[in-house]
Structures are given as C-alpha cells and as structure tokens.
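Please have the model open as you read.

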Amino acid sequence: MINFPFLKKLSLFCVSISADLFPRLLSGCHALESLYMTNVRAVGCIRLRSPTIRTIIFRHSYGETAELIIEDAPRLVRLLVPYCERKDSVTIRVIRAPNLQILGPFFVVVSKLLLYQGVSLVSSTNSMPTLKVLALKSSEQKLHAVLNILRWFPCLEKLCVIFHTNREMNDENEPQYDPLHPIECLETHLKKVVFKSFEGYAKQVDFARFFVLNAKVLDKIEFEVKNHYSSGTVASKHKLLQVENRASREARFEFRTISY
C-alpha cells in the first residue's frame, strides 16, 4: 500500500517507474497539489489522475520521446513544460482538466510538442476556452504561426513571447494570418503581452506592432531588454510601434532592463 495522506508537493528526478505503479503512487497522495517530474521514464506513457493536483511541471530528457496523459485533474490550473527544446518530441494529452489556465512555454513551429484535448489535437475547432495565460518561444519571423496558435485559446488574457534566434530561414510553408477572420482573444480578452529577450530588431518590432495595432482590449505591453533604454530610444521605439495608432487607447508600454 502507498499512502501519503498529507503530502502536498512531490518531485521525481531521474526515476524509472512502471506504468501501473505511477497511478497507484498518485492515488495514495490524497492532498497532493504540486507534481514536478524531470527525466521520469515509464513503459509506454505516463498517465495521471488526481482530484487535488493544481500544478504539473513536466521536464524530460533531451532528445527523447515522452508522453503525458492527463486523464482526470479537475483542479489542475498550471501545466508547465520548461526546457522543451526544438529536437524534443513531447505529446501531452489533456482528457479532462476543466480548470486549466496556464500553459507553456513551448516552441511555436519547430517543437514536436503535440497538445491534445480529448482525442483530437487542440485547434481553432477544438479550442481551450479555460486557458488564460500562455508562454511561447518564437523567432521574430513566426508571427503568423503564433497568431494561428492564439486561435486555440479564445479567452486568453496574458501572452508571453520569448524571442530566440531563428535558424529556420525558409518560411514558405508558414500559414498566413487572415484578417477577414479575426482572432477572438485579440478582440475581447487579451490584456497583457510580455516580450522577453527583446533586442529591437526590425522583425521584432514588426512582431510587436501587430499586437499594438490589433489587440483591442490591451492594458499593457512589457518589453524586457538587455540594455537600458534612454528616453530618446523609448520615444523612437514608440514611433516604430505606431503607439499613436494603437487599437486599445488604454494600452501602456513599459521597457524593463533585465540582467541575463
């Protein structure tokens, strides 16, 4: 018998566990709220059921295939996938998590992370209306791919974009954003956008400008930069971003210096 009636936080590091033992372990944790898994290996896939869990952090071995199936987690709020790299192959199936609100971060295009809701891939026709916060890793050249992902989450309120160097220069097959079919979250819900590793390149400015001109209920955009921006530089960026033409008159803009 496995019984940890008062355990609230469980971390598993570099563990090999049988597929039938893992559900038994969780069923014995009657108060579990947080589960951190890194390099957990199981035969087949990792299946998870928990009536109490609120946070899952899932990290796997670099370059390996991993599959996490969330069969039933009625109180799950945060599903975090840190360090998901471009060569990784991760499948996450969310069968039932009616309160999932926070997801990410994952690479936009080149990641092999597959997100399912029920038996189908998450898409504009199989959306996740509960999700409020999303973090994505993207190059500045993948705006249209990001926009298509936003269609999956119609009630999104906060978006964090972590810029990274683009090594895939051929964007010929990238789906294009269709302005005749507006994105719901940009129209009615998205209130905050954060751009991390913002260096002010022309493509990054173009990327950010789209949200300035199209997010209609936006309250704030934050730019995290490496070097301190003078008042003159900020004014120049405001002009390039076309702040005067912003879709939301309430939107504020902040440039924050971050030490990496």
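Predicted model: local features only at pLDDT ≥ 70, side-chain atom pairs only at ≥ 80, totals over all residues.

Two strands pair if DSSP finds at least two bridges between them. Helices (H or I, at least four residues) and strands (E, at least two) are DSSP runs, numbered from the N terminus. Residues are numbered from 1 along each chain as its sequence is written, and side-chain values use heavy atoms, with hydrogens and water left out.

With that in hand, go to strand β15 (residues 192–196), which pairs with strand β16 (residues 220–225) in the parallel sense over four bridges. Here Phe195 stands opposite Phe223 in β16. As a general point, strands of a sheet pair through backbone hydrogen bonds, either parallel or antiparallel.

Now zoom out to the sheet. Its 10 strands run in the order β1-β3-β6-β8-β10-β13-β14-β15-β16-β17, forming an open sheet with parallel pairing. At the edges stand β1 (9–13) and β17 (252–257); each has a single partner strand, so one side of each is left without a neighbour in the sheet. On average, neighbouring strands of this sheet are turned by 10° against each other, direction ignored (axes are lines fitted to C-alpha atoms, for helices over the stretch in contact, and angles run from 0 to 180 degrees between N-to-C directions).

Strand β3 (residues 34–38) contains Thr38. Is Thr38 buried or exposed? Thr38 counts as buried because its relative accessibility is 7%, where buried means under 20% relative accessible area, exposed over 50% and partly exposed in between (1.4 Å probe, protein chains only). Beyond its neighbours within four places in sequence, Thr38 is in contact (heavy atoms within 4.5 Å) with Leu12, Phe13, Cys14 and Arg59.

Next, turn to helix α4 (residues 202–214). Its 13 residues reach 18 Å from first C-alpha to last, close to the 18 Å expected at 1.5 Å a residue; the expected span is 1.5 Å times one less than the number of residues. Among the buried residues of α4 are Phe207, Phe210 and Phe211.

What about the cysteines? Cys45 is buried, with a relative accessible area of 14%, and Cys160 counts as buried at 12% relative accessibility. The structure holds zero disulfides, a disulfide being a pair of cysteine sulfur atoms within 2.5 Å.

Finally, the whole protein has five helices and 17 strands, and 47% of its 260 residues count as buried.
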